[in-house]
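Trainee: I am new to this structure and would like to go through it slowly, one question at a time.

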Amino acid sequence: MQQLAAMVSMRRKPNLRLVVEPHGGHYWSSQGTRQRPTDLFTLRIDDHERLTMHLADDVKSPSAYMLAHLRQRGWRLPHAASVIPNIVPQAATSAENRQLKPVWQLAFFGRLEERKGLKLFCDAMEMLDTSTLPRLEIIFIGGEAQVDMIPSVKYLNTRTAGWPMPVTIYGGLPRAAALAILRAEGVMVAFTSLVENLPFALAEACIEEIPFVTFNVGGVAELFDADVHADVIVETVSALALFDRLELILRKGTLQTSVLHPAIKNSADLWHLFHVNQDLSERHRQLKRAATARADAQSIEVVKLAADCSSKTLKQDVCGHLADDSVLLLLPSEYSMPPASDMGIIEYVASQLPRLRKSRMLGALVFGATLPNDLVSYPTSPTWMIYHGSEPLCVESSPLLILTKLFCTNFLAEAGDFNIFQTWVLIHHLRMAGLVTTSFPEPVFTLNNFSRADTGCLADRIPTFRKLQGDFASNQMGVSEQVLISQHLAPVPHPAASFRSNFDKFQGQHGWQYIAVDEYGKQCRLS
């Protein structure tokens, strides 16, 4: 989506390129929660985050961990994607600069939530036998959150009420005030986060010479030499492992500070070199881009769809009658064409479709619309419908731009499952062929008479007739996100698999129990 916005801007800014830095996506950040979200809103966000990376000119990740994490989960990244750490202030990087400091105060530093390991930290504290330790105080510093559906400070006040050691809780302190507490003599920070990319708080602790221990999660080990810092890295993410390490340190009464890896120190030079290289290579691209834009002029065939347009009739009318290299604009009857002044945007984007299909596997482009009350709405995955922001009203189809060849090859009208053409059905077929769809970030069309063109939607924006009854889905194998998408896409008479008993709440590849069901949901014997 951002790449397409950049394409439009390139008409005025030829040097513009889109570079994305992945830090913490919506689904990624939910890994530390008890149950992964499976709602449509989350799926929409995840889909657009994936497309942002897929359509970007380049991706520069602060850690090798994050690139591997995304690729392992099927994210499509540009070939040039690489690692450049975030810039941090100058700090010592030699192991000789590690300072031995006294320790008698343990500080939890981070947002006061379960994802940051708050409960796990408390579990480890309750294992400590204070009678055998010379001195111990506990400090909590972080932003307010929710733990077990109650405010985190209230949760901590209740949980720590019976602890034998002194406990101080600071919620929502400014950064300068928090650092002043952590710099005090005797303070050691326990970073117990369950999910991290390349945490700046750890880098800051190195710079400020604040001793700490940390779980080896995400890209943490990329911040410093893991061999040299074995005394501060807890390899196993558990309360017991944390307790063992903290008890050892507290009995000893001292811990060395940590120093950053040289690659982190050189990050500013790496970013500078990246920008210099981009500037040099862009000079060679400008002439080529101008010549390509002149040669790529595409004719746009506008197909105005009648209400309840037959899928088979539409495919017969288009395929075999229009040139394969032409571009189709499928315009549902509820929409008005943009004024002539805005057609230039559509024509320019149409000229880029062949290139984006080859380089980014882009199958189709859908458009948002201005609603009668001057609101704007965009169709997004997995439902791909226009809906009224606060009311349960949906429009099933939206304007769609696609190469004629891709439409004729991938629109499976002959299957007969979806007799009436809907945008989301075509997009579903494209996805099965490995092609992506995205929304153009400008509402160049107008949706007329919304109240007469809508269908009834449930609260989660699923039209009633697209909602399966019971716990059924249409695919036999897939991660929970794919199963949920298929649940909303499968036609009601054809459920094929059950996940009633073992619906996976976490990301992973699992098999699903295959059953046969009739249209009433009754289980039948397999032949």
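Trainee: How many helices and strands does the protein chain have?

Mentor: Please keep in mind that this is a predicted model. Counted along the protein chain, the secondary structure comes to 17 helices and 29 strands.

Trainee: What share of the contacts in the protein chain with a separation of 6 or more is between residues 24 or more positions apart?
Mentor: The chain has 527 residues, of which 49% are buried. Among contacts with a separation of 6 or more, the share that joins residues 24 or more positions apart is 73%.

Trainee: Which cysteines does the disulfide join?
Mentor: A disulfide is a covalent bond between the sulfur atoms of two cysteines. The search of the whole structure finds one disulfide, and with an S to S distance of 2.1 Å the pair falls within the 2.5 Å cut-off. The cysteines joined are Cys319 and Cys408.

Trainee: How many residues apart in sequence are the parts that this pair ties together?
Mentor: Cys319 lies in the loop between helix H12 (311–318) and strand S14 (327–331), whereas Cys408 belongs to helix H14 (residues 404–410). The pair therefore ties together parts whose separation in sequence is 89 residues.

Trainee: Is the disulfide left-handed or right-handed?
Mentor: The handedness follows from the torsion about the S-S bond of Cys319 and Cys408, which is about -105 degrees. The disulfide is therefore left-handed.

Trainee: Does Cys408 count as buried or exposed?
Mentor: Buried means under 20% relative accessible area. Cys408 has 18% relative accessibility, so Cys408 counts as buried.

Technical notes: Residues numbered from 1 in each chain as written. Predicted model: local features only at pLDDT ≥ 70, side-chain atom pairs only at ≥ 80, totals over all residues. Heavy atoms only, no water. Helix = DSSP H or I, 4+ residues; strand = E, 2+ residues; numbered from the N terminus. Buried < 20%, exposed > 50% of the residue type's maximum accessible area, 1.4 Å probe, protein only. Contact = heavy atoms within 4.5 Å.
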